[in-house]
Amino acid sequence: MIGPKMFFYPAYMLAEKYKVIVTLIPENLSTIEEHINVYEALLKKEDLKKVTLIGYSYGGGLVQTLMGFIPEKINCVTLSHTGLLWGRNKPKGTFLIKILLKIFPLSKLKKVLLKKRLNDCPDSEWNEFYKQFFTQKIENLKKSTVINYLRAATKFLKSFQQQEPKERKFKGNVILLGTEGDEDAFYALEEFRNIFPNAQKYIFKESGGHHFIFLHPREYTMELYKLLKTVY
Amino acid sequence: MSELTETIDFPIIENLSDQWEFFNKAIQSFEKKNG
């Protein structure tokens with residue numbers, strides 16, 4: 001919803017050593033097949049056989065989907081600050097999203113999004129930048145965009161639940177990243193470790209919670225780069 | 001692959017206006033690469 005520019009720091013720095021592609025997730029992309037088609041079209045366009053996928057938060061869900069359905073086309077994955085998609089009983093928040101969409105005017109929806117996005121982090125040197133960037137992005141959102149993304153996310157989770165692969169065939173390298181204060185996704189790190197016992201893991205101790213990548217982009221990218229170097 | 005063992009110089013950017021400048025530089029770089 002916010003767009004790929006929010007990952008400018010890690011993308012720009014890693015591009016010094018790797019070919020980096022940061023994808024925009026179209027607002028109407030909602031099924032597993034659609035996500036796989038986009039990924040395969042990208043591989044074809046860039047003439048790549050296999051890539052390393054880095055999925056942060058919602059992106060981690062998309063990476064888990066691709067790992068489940070086309071594992072042969074992925075070299076290595078980084079699952080960062082993301083929940084566990086496998087084994088979910090029911091998509092969370094479906095009912096709440098429907099209510100939000102029906103009764104909330106756009107200004108209220110934006111307030112909800114801003115509250116979710118902005119956690120004040122005074123010890124981050126990027127705190128003010130982060131606030132300005134997300135405030136601008138969310139202020140410029142259209143209601144149709146918000147609605148389409150929320151609907152697509154809900155539909156996607158249902159789609160995964162219905163078609164979840166029974167067997168996990170991905171055998172490549174797995175890197176796990178999380179921040180201790182991340183209330184949204186830190187719980188999942190141990191579950192991922194159980195699924196991928198050989199995964200490399202790094203836990204950030206600093207503030208920043210779920211939005212560590214934005215509030216401490218330098219520290220985040222340095223650790224990610226160190227781990228990527230161990231698999232290449 | 002030996003070049004991948006080299007270290008990247010990760011900049012510390014504390015000033016807000018410098019951060020916006022860095023952001024614009026990064027975006028322009030990607031836009032240039034992607035045509």
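Biologist: Let me begin with the pairing of strands: how many bridges join S2(A) to S3(A)?

Modeller: Five bridges join S2(A) to S3(A), and the two strands run parallel; please keep in mind throughout that this is a predicted model. As an example of such a pair, Thr78(A) has Ile175(A) in S3(A) as its bridge partner. On this sheet packs helix H8 (residues 188-195) of chain A, which touches S2, S3 and S4 of chain A and whose direction makes about 165° with that of S3(A).

Biologist: Which residue stands opposite Gly178(A), and in which strand?

Modeller: Gly178(A) stands opposite Ile203(A), a residue of S4(A), and S3(A) and S4(A) pair in the parallel sense over five bridges.

Biologist: In what order do the strands of the open sheet stand?

Modeller: The order of the four strands is S1-S2-S3-S4 (chain A), with parallel pairing. Strand S1 (51-56) and strand S4 (200-204) of chain A each have a single partner strand and stand at the edges, so one side of each lacks a neighbour in the sheet. From one strand to the next the twist averages 15°. Helix H3 (residues 58-69) of chain A packs on the sheet as well, touching S1 and S2 of chain A, and its direction makes about 140° with that of S1(A).

Biologist: Turning to helices, how should I read the side on which a residue points, and which residues of H10(A) are buried?

Modeller: The general idea is that an α-helix has 3.6 residues a turn, so residues three or four places apart point the same way. In H10(A) the buried residues are Pro217(A), Tyr220(A), Thr221(A), Leu224(A) and Leu228(A). They cover an arc of only 90° around the axis, and therefore lie on the same side of H10(A), whereas Lys226(A) and Thr230(A), on the other side, are exposed. The cover over the buried residues of H10(A) includes helix H1 (8-14), strand S2 (74-80), strand S3 (173-179) and helix H9 (212-215) of chain A.

Biologist: Which residues are buried in H6(A)?

Modeller: Phe129(A), Tyr130(A), Phe133(A) and Ile138(A) are buried in H6(A). Seen down the axis of H6(A), these residues fall within an arc of 145°, so they line one face of the helix; the face turned away from them carries the exposed residues Gln136(A) and Glu139(A).

Biologist: How many residues does each chain bring to the contact between chain A and chain B?

Modeller: Chain A brings 17 residues and chain B brings 15 residues. On the side of chain A that touches chain B, two or more residues each come from H1, helix H6 (127-139) and H10 of chain A, and H10(A) gives the most, with five residues.

Biologist: One last point on the backbone: where does Asp47(A) lie, and is it buried or exposed?

Modeller: Asp47(A) lies in the loop between helix H2 (32-46) and S1 of chain A, and has a positive phi of about 55° although it is not a glycine. With 6 other C-beta atoms within 10 Å, Asp47(A) is exposed, since exposed here means 12 or fewer. His81(A), also not a glycine, has a positive phi of about 50° and lies in the loop between S2 and helix H4 (94-103) of chain A, but His81(A) counts as buried because it has 28 C-beta neighbours inside 10 Å.

Notes. Residues numbered from 1 in each chain as written. Chains lettered and ligands numbered in written order. Predicted model: local features only at pLDDT ≥ 70, side-chain atom pairs only at ≥ 80, totals over all residues. Buried ≥ 20, exposed ≤ 12 C-beta atoms within 10 Å, placed from the backbone. Arc of directions from axis to C-beta. Contact = placed C-beta atoms within 7 Å. Pairing = 2+ DSSP bridges. Axes fitted to C-alpha atoms, helices over the stretch in contact; angles between N-to-C directions.
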